[in-house]
Amino acid sequence: MGTRPERKVFLKKEVHDSILSYCKMKHPYEAILILKGKSKKGIITIDGLSIPPFSYSDQTFAGFPQSFLPLDLAYVGTAHSHPSGSAEPSVTDLHNFFGLVSIIVQSPYENDTDIFAWDSQGNQIPIIFESDDEQKN
């Protein structure tokens, strides 16, 4: 059997900016978003977002009832914020894992150094951030 390619996340610039803006807007509550994209050969490309219907949040938790989601094969995971400033996934985060990847954004939600990706086992996944130059091409 062949070895599985190392997973990586490719985050489109407009999605990156939208995640940071949404987290700032929801602070001091946690924000939660559904990541849309595709996965091919270990690369999870995130090119869209959805606000989950009937989502709820407070200062320590954000979630949504998955039963109300319309079927969409483009869902690849979730993004949520940690207003406390730590990007480590909690036990609750891992127990409520959805999709292939969980992006956690730590306060102050300013730039790439505040965004982290995790798999369902709590292992960090490298993120490739689309640059402004790539976006123009």
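A search of the whole structure, which is a predicted model, finds 4 salt bridges. A salt bridge here is a side-chain nitrogen of Lys or Arg within 4 Å of a carboxyl oxygen of Asp or Glu. Side chains of opposite charge can pair when their charged atoms come close. The table lists some of these pairs.

| Salt bridge | Closest N and O atoms |
|---|---|
| E130 and K12 | 4.0 Å |
| D17 and K13 | 3.0 Å |
| E110 and K24 | 3.8 Å |

A word on the ground rules: residues are numbered from 1 along each chain as its sequence is written. Local features need pLDDT of at least 70, side-chain atom pairs count only at pLDDT 80 or more, and totals for chains, interfaces and linings use all residues, while side-chain values use heavy atoms, with hydrogens and water left out.

Let us begin with E130 and K12, which link distant parts of the chain, 118 residues apart. E130 sits in the loop between β10 and α3 (132-136), and K12 in the loop between β1 and α1 (13-26). Helices (H or I, at least four residues) and strands (E, at least two) are DSSP runs, numbered from the N terminus. E130 is buried at a relative accessible area of 9%, whereas K12 is partly exposed at 24%. For these words, buried means under 20% relative accessible area, exposed over 50%, and partly exposed in between (1.4 Å probe, protein chains only).

D17 and K13 both belong to helix α1, 4 residues apart, about one turn of the helix. An α-helix has 3.6 residues a turn, so residues three or four places apart point the same way. D17 is partly exposed at 31% relative accessibility, and K13 is buried at 16%. K13 is one of the buried residues of α1, a list that also includes V15, H16, I19 and L20. Helix α1 has 14 residues and reaches 20 Å from its first C-alpha to its last, close to the 20 Å expected at 1.5 Å a residue; the expected span is 1.5 Å times one less than the number of residues.

E110 is partly exposed at 48%, and K24 is partly exposed at 41%.

Now for the strands. Strand β1 (residues 8-11) pairs in the parallel sense with β3 (residues 43-50) over 4 bridges; two strands pair if DSSP finds at least two bridges between them. In β3, I46 is the bridge partner of L11. Strand β1 also runs parallel to β10 (residues 127-129), joined by 3 bridges, and there I127 is the bridge partner of V9.

Finally, the largest pocket has a volume of about 220 Å³. A pocket is an open set of points on a 1 Å grid over the protein atoms alone, where a 1.4 Å probe fits, with protein on both sides within 12 Å along at least five of seven lines; lining residues have an atom within 4 Å of a point. Of the 14 lining residues, I32, A62, G63, F64 and N96 are the closest to the centre. Strands β5 (62-63) and β6 (75-82) each give two or more residues to the lining.

Methods: Grid points are joined across faces, edges and corners, and a volume is the space filled by probe spheres set on the points.
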